[in-house]
Amino acid sequence: MGVLEGKSVVFTGAGSGIGRAVVRRYVAEGARVVAMDIDGDGLASLAAETGGAVVPLVADVRSWEGNVTAVRTAVAEFGGLDVLVANAGITDGARPLLDIPGEDLTAAFQELMAVNVLAALLAVRAAADALIRSRGCVIMTGSYASFHASGGGVLYTASKHALLGVVRQLAYELAPDVRVNGVAPGIAPTRLRGIDALGQDRSDSVLDGTAAVLPLQEVPSTESYGGLYTLLANPADSGHLTGTVINADSGLSIRGLAAPGGRVNR
């Protein structure tokens with residue numbers, strides 16, 4: 001029996017990357033998941049892999065109706081809702097402010113903030129009543145850029161700093177009934193969608209040579225984050241945690257100037 005046996009989950013941004021890997025881990029731990037994403041193909045293959053434990057829902061996370069449908073589906077299919085994972089996000093391709101045409105800035109800001117921040121608020125608002133009933137939890141996906149500069153461009157960094165504030169404020173507002181925490185990955189081999197308003201396509205989040213600049217000298221797999229999300233979803237292990245964002249950055253925040261780590265040969 002897994003540590004999430006019988007848990008009901010709504011998981012946004014579940015079709016690829018870290019989201020897909022964590023959903024698989026949740027299912028292996030006994031959870032049942034409403035997997036929400038705008039990518040229907042990704043969800044279809046995920047549902048096929050995991051059988052009846054995953055209910056796919058193709059919806060835009062920026063839509064109030066989509067978030068309400070996700071929660072209602074979990075309640076109808078699984079009898080309630082225990083865990084909400086607000087994981088969906090897009091990138092700005094590390095675009096500096098001065099490289100964004102002024103006439104495109106407003107639309108780019110609104111698009112990225114809608115996916116990276118507003119969608120999380122919509123999801124929590126839609127799920128709040130069900131989570132209060134179950135004394136459940138919320139987990140949000142932050143980033144190295146939630147704490148530091150140069151983890152993306154100015155829009156992405158602003159959005160992930162904002163999400164850190166959202167975690168802390170909602171942890172206060174929903175206590176004692178609902179725990180709100182987050183995971184802040186630093187590096188993962190994913191392809192994130194860019195900003196349509198800037199004409200950006202999906203881009204690789206790991207560049208050549210990345211491993212060499214990390215203190216641990218290794219790019220973690222998407223699967224390697226599953227344990228952190230499982231920890232935060234399991235009240236037996238993390239019932240005392242709220243308002244916490246786990247900074248899983250492969251040591252980036254302690255990287256040295258002369259060498260990434262004290263025993264790294266360069």
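Buried means under 20% relative accessible area, exposed means over 50%, and partly exposed lies in between (1.4 Å probe, protein chains only). This is a predicted model, in which local features need pLDDT of at least 70 and side-chain atom pairs count only at pLDDT 80 or more, while totals for chains, interfaces and linings use all residues. Residues are numbered from 1 along each chain as its sequence is written, and side-chain values use heavy atoms, with hydrogens and water left out.

View 1. Valine 154 has a relative accessibility of 38%, so it counts as partly exposed. It belongs to helix 5, residues 154-174. Helices (H or I, at least four residues) and strands (E, at least two) are DSSP runs, numbered from the N terminus. Together with Leu97 and Leu98, Val154 makes a nonpolar surface patch of about 320 Å². Patches are made of residues with over 30% relative accessible area and no salt bridge; nonpolar side chains (Val, Leu, Ile, Met, Phe, Trp, Tyr) are joined within 5 Å, like charges within 9 Å. The accessible areas come from the Shrake-Rupley method with a 1.4 Å probe, and for residues only the protein chains shown count as cover.

View 2. How far apart are the end C-alpha atoms of helix 5? They are 30 Å apart, which agrees with the 30 Å that its 21 residues should span at 1.5 Å a residue. The expected span is 1.5 Å times one less than the number of residues. Buried residues of helix 5 include Leu155, Tyr156, Leu163, Val167 and Leu174. The buried residues of this helix pack against helix 4 (102-134), strand 5 (137-141), strand 6 (179-185) and strand 9 (245-248). Contact here means heavy atoms within 4.5 Å.

**View 3. Helix 3 from start to end.** Helix 3 covers residues 64-78. Its 15 residues reach 21 Å from first C-alpha to last, close to the 21 Å expected at 1.5 Å a residue. At its start, a side-chain oxygen of serine 63 comes to within 3.2 Å of the backbone nitrogen of glutamate 65. Glycine 79 follows the helix, and its phi is positive, near 90°. Among the buried residues of helix 3 are Gly66, Val68, Ala70, Val71 and Phe78. Which elements do the buried residues of helix 3 pack against? They pack against strand 1 (8-12), strand 2 (32-37), strand 3 (54-58) and helix 4.

View 4. Side chains of opposite charge can pair when their charged atoms come close. A salt bridge is a side-chain nitrogen of Lys or Arg within 4 Å of a carboxyl oxygen of Asp or Glu. The whole structure holds eight of them. One joins glutamate 49 and arginine 20 at 2.8 Å, N to O. Glutamate 49 sits in helix 2 (residues 40-50) and arginine 20 in helix 1 (residues 17-28), so the pair ties together parts 29 residues apart in sequence. Glutamate 49 is partly exposed at 44%, whereas arginine 20 is buried at 13%. Salt bridges also link Arg20, Arg24, Glu49 and Glu223 in a network.

**View 5. Two further salt bridges.** Aspartate 177 and arginine 135 meet at 3.0 Å, N to O. Aspartate 177 is in the loop between helix 5 and strand 6, and arginine 135 in the loop between helix 4 and strand 5, 42 residues apart. Is arginine 135 buried or exposed? Arginine 135 is exposed, with a relative accessible area of 51%. Aspartate 177 is partly exposed, at 26%. Another salt bridge joins arginine 25 and glutamate 29 at 3.1 Å, N to O. Arginine 25 is partly exposed at 32%; glutamate 29 is buried at 15%.

**View 6. Asparagine 87 in its loop.** Asparagine 87 is in the loop between strand 4 (83-86) and helix 4. It is buried, with a relative accessible area of 10%. Leaving aside neighbours within four places in sequence, asparagine 87 is in contact with Phe11, Thr12, Gly13, Gly19, Thr141 and Tyr229. Its side chain makes a polar contact of 2.8 Å with the side chain of threonine 141. A polar contact is a pair of N or O atoms within 3.5 Å; within protein, one must be able to donate a hydrogen and the other to accept it, and residues adjacent in sequence count only if both atoms are side-chain atoms.
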